[in-house]
Amino acid sequence: MRIADSQLQMTLDLDADLTDRFRSVKEAVAAGVYRRGLKRVAGDLDVSPGNLSVQLSGDGGRHFDTDLLERYIESSGDK
C-alpha cells in the first residue's frame, strides 16, 4: 500500500460491533477472506489457498504478515 505524500495519517472507521464479533484483526480478515472466497483472495495475493488458510488459522510457523494485509486491503477494498 502506498500512502501519498499529501496524506499525513490513515483514518479507519471501525464498526462498534467489530470487537463483539471478532477477537483479533486476523480473525476479522479471515472472515473477509472466506466471505470473498479463499481461492479468489489467494490468487489476488499470489499465495496458494492452502498456505493462506494456514496463515489465517494461526497454526504452524506460517503467519499472515503486514505485507499481505496491505495487499489484501488494496485488492479487496476491505478496510
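Reply: Contact means heavy atoms within 4.5 Å. Among contacts in this chain between residues at least 6 apart in sequence, 44% join residues at least 24 apart. The model is predicted, so local features need pLDDT of at least 70 and side-chain atom pairs count only at pLDDT 80 or more, while totals for chains, interfaces and linings use all residues. Residues are numbered from 1 along each chain as its sequence is written, and side-chain values use heavy atoms, with hydrogens and water left out.

Me: What makes up the chain, helices or strands?

Reply: Helices (DSSP runs of H or I, at least four residues) and strands (E, at least two) are numbered from the N terminus. The chain has five helices and zero strands.

Me: Why is helix 2 called roughly antiparallel to helix 4?

Reply: Axes are lines fitted to C-alpha atoms, for helices over the stretch in contact, and angles run from 0 to 180 degrees between N-to-C directions. Helix 2 and helix 4 pack at about 150°, with axes 9 Å apart. Angles over 145 degrees count as roughly antiparallel, under 35 as roughly parallel, 65 to 115 as roughly perpendicular and the rest as oblique. Therefore helix 2 is roughly antiparallel to helix 4.

Me: Which residues of helix 2 meet helix 4?

Reply: K26, V29, A30, V33 and Y34 in helix 2 meet residues of helix 4, including L52 and L56. Leaving aside residues up to four places away in sequence, V33 touches L38, V41, L52, L56 and Y72.
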